[in-house]
Amino acid sequence: SLDGYRKGDFTFVMGFPGRNWRYMISDEVEERMQTTNFMRHHVRDVRQKALMKQMLQDDAVRIHYASKYASSANYWKNAIGMNEGLVRLKVLDTKRAQQEALLARSLNDNSYQQAFDQIRAIVKQRRPALYHQQAIQEALVTGLDFMRIPSTAGLVSALKNKDKKQIAAAKDSLQKAADRYFASVPFPEVERIVGKEMLKIYMKYIPAEQRIGIFQIIDKRFKGNSDAFIDACFEHSIFGNKENFAKFIRKPSLYKINTDWMVLLKYSITDGLLQTSIAMMDANKNYNAAHKVWVKGMMDMKLANGQPIYPDANSTLRLTYGQVLPYAPADGVKYDYYTTLKGAMEKEDPDNWEFVVPTKLKQLYQAKDFGRYAMPNGEMPICFIVNTDNTGGNSGSPVFNAKGELIGTGFDRNYEGLTGDIAFRPSSQRAACVDIRYTLFIIDKYAGASHLIEEMTIK
């Protein structure tokens with residue numbers, strides 16, 4: 001609908017939201033802050049700086065890594081903003097007060113106290129393993145694209161059986177997988193640079209005696225020099241470059257596979273993830289039962305206090321509703337409920353690739369050539385905010401007005417609202433939505449795809 005919206009208008013957002021954690025006890029919130037969020041913040045910060053330096057030097061590199069960089073930056077910012085917000089809003093104090101209220105409310109029923117004590121003990125037991133697992137995941141799995149090397153298991157099995165037909169089939173299969181792999185990492189020098197940074201940041205946060213097995217080899221064969229190990233991977237591994245692989249596949253051997261640096265690194269990472277998962281599995285044995293009891297108690301207490309409750313997000317289709325509203329994150333600071341193309345022009349920075357405004361868009365702005373998509377005052381709207389609840393999985397969701405007309409697309413949360421998965425604050429929680437008028441303007445006036453506009457029913 002091109003009728004637009006006004007402050008206070010009702011909106012509905014439909015999407016597949018991911019899980020949230022609003023019934024966590026304070027110990028779990030601290031665990032999230034000090035493990036998952038900590039690693040996402042600090043490890044991704046190092047990777048993104050290394051990537052950005054290379055992306056700014058070569059357009060081909062920038063294009064290849066743009067999506068990976070944006071995806072990484074999304075949860076990097078989320079982790080930083082969530083931790084800052086949890087401290088600023090004193091969420092841990094709120095959680096502790098809720099815990100004390102429930103435990104005091106159930107003095108004649110020790111099931112809640114037992115569940116609470118059990119969850120605390122589980123969190124304490126599993127935290128070291130979770131911390132290590134997040135370090136492996138962020139630095140050595142998410143952080144290393146070159147660790148997506150093909151599996152050599154089929155060829156190993158064929159070589160052990162000494163079956164010529166099986167070996168030929170396994171070689172052919174591995175060749176095809178290798179071709180796909182090398183196509184997915186067209187810039188090995190960038191991978192080498194990032195790999196060195198990721199091993200160093202992993203070593204920074206994980207003590208030597210706790211590191212995955214490959215570091216024993218790094219310490220012994222490379223005298224602790226992880227940079228030298230990464231160099232050896234790219235210079236000598238069968239997956240280090242196409243030439244190495246071509247030489248190997250002509251005459252494959254078990255010895256070469258079993259002593260290959262990249263293969264050994266991947267096996268070590270996989271084993272590290274397995275060991276940390278086993279450690280947490282043992283710790284988490286009774287978690288679900290205890291958590292179920294605790295959640296029931298919190299929900300019963302909310303109902304008794306007249307507070308509304310709703311099901312936890314679990315990746316099923318959900319509809320949430322709210323209003324178009326501004327917000328005031330701090331004293332003397334107020335953010336309006338919509339933005340316009342004027343703001344995009346004000347933010348232009350030709351020296352920052354993320355804030356370069358295309359020439360054609362500037363021309364349309366200067367000519368005020370917005371077609372029928374402008375607001376009544378002549379401005380071109382871009383985004384608006386609503387106080388609907390949202391979480392991971394909502395991005396891309398349609399936003400409707402009270403008449404069921406599509407008015408936008410949900411895509412983000414405001415920075416002050418990144419605590420929403422753990423603590424929802426109606427006064428500061430906002431979902432950011434692209435105005436449908438801007439979407440149609442870009443399709444029609446900027447991209448010149450008016451044939452798509454003609455296929456739509458637009459009010």
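Predicted model: local features only at pLDDT ≥ 70, side-chain atom pairs only at ≥ 80, totals over all residues.
Two residues are taken to be in contact when heavy atoms of the one lie within 4.5 Å of heavy atoms of the other. Leaving aside its neighbours within four places in sequence, Tyr-337 is in contact with Tyr-5, Arg-6 and Lys-7, with Val-324, Leu-325 and Pro-326, and with Cys-383, Phe-384 and Ile-385. The relative accessible area of Tyr-337 is 16%, and because residues under 20% are counted as buried, Tyr-337 falls in that class. Between the C-alpha atoms of Tyr-337 and Met-203, which stand 134 residues apart along the chain, the separation is 45 Å.

The chain as a whole is made up of 459 residues, of which 46% count as buried. Its secondary structure comes to 18 helices and nine strands, and its C-alpha trace spans about 75 × 70 × 40 Å along the principal axes. Among the contacts in the chain with a separation of 6 or more, 76% are accounted for by residues 24 or more positions apart.

Helix H8, which runs over residues 188-205 and has 18 residues, reaches 26 Å from its first C-alpha to its last, and this is close to the 26 Å expected at 1.5 Å a residue. The buried residues of H8 are Val-190, Glu-191, Arg-192, Val-194, Gly-195, Lys-196, Met-198, Leu-199, Ile-201, Tyr-202, Met-203 and Tyr-205. What covers these buried residues includes helix H2 (36-55), helix H3 (59-88), helix H5 (111-142), helix H9 (214-221) and helix H10 (226-236).

Two packed helices are described by the angle between their axes and the distance between the axes. For H8 and H10, the axes come within 9 Å and cross at roughly 145°, and H8 passes H10 in a right-handed crossing. On the side of H8, the contact is made by Pro-188, Glu-191, Arg-192, Gly-195, Lys-196, Leu-199, Lys-200 and Met-203, and on the side of H10 by Ser-226, Asp-227, Phe-229, Ile-230, Asp-231, Phe-234 and Glu-235. Sorted by class, the residues in the contact of H8 with H10 are six nonpolar, two polar and seven charged.

A further helix pair is formed by H5 and helix H14 (residues 287-304), which pack at an angle of about 130° with their axes 9 Å apart. Because an angle of this kind lies between 115 and 145 degrees, H5 and H14 are described as oblique to each other. The crossing in which H5 passes H14 is left-handed. In this contact Ser-111, Tyr-112, Ala-115, Phe-116, Gln-118, Ile-119, Ile-122 and Arg-126 of H5 meet Tyr-287, Ala-290, His-291, Val-293, Trp-294, Lys-296, Gly-297 and Asp-300 of H14. By class, nine nonpolar, four polar and three charged residues make up the contact of H5 with H14.

Lys-162, which lies in the loop between helix H6 (153-161) and helix H7 (164-184), has a positive phi of about 55° although it is not a glycine. With a relative accessible area of 71%, Lys-162 is exposed. Lys-368 likewise has a positive phi of about 55° without being a glycine, and it is found in the loop between helix H16 (359-366) and strand E6 (381-386).

Two buried residues towards the end of the numbering may be considered next. Thr-419 has its place in the loop between strand E8 (406-413) and strand E9 (431-435), and at 1% relative accessibility it counts as buried. Not counting residues up to four places away in sequence, Thr-419 touches Met-82, Gly-85, Leu-86 and Leu-89; of the helices named above, H3 covers residues 59-88. Leu-440, by comparison, is found in helix H17 (residues 436-446) and is buried, with a relative accessible area of 5%. Again with residues up to four places away in sequence not counted, Leu-440 touches Leu-2, Tyr-373, Lys-445, Ile-453, Met-456 and Ile-458. The C-alpha atoms of Leu-440 and Ser-450, which are ten residues apart along the chain, are separated by 9.2 Å.

Definitions and conventions. Residues numbered from 1 in each chain as written. Heavy atoms only, no water. Helix = DSSP H or I, 4+ residues; strand = E, 2+ residues; numbered from the N terminus. Expected span 1.5 Å × (residues − 1). Buried < 20%, exposed > 50% of the residue type's maximum accessible area, 1.4 Å probe, protein only. Axes fitted to C-alpha atoms, helices over the stretch in contact; angles between N-to-C directions. Parallel < 35°, antiparallel > 145°, perpendicular 65-115°, else oblique. Left-handed = near helix turned anticlockwise from the far one by under 90°. Nonpolar A, V, L, I, M, F, W, Y, C, P; charged D, E, K, R; others polar.
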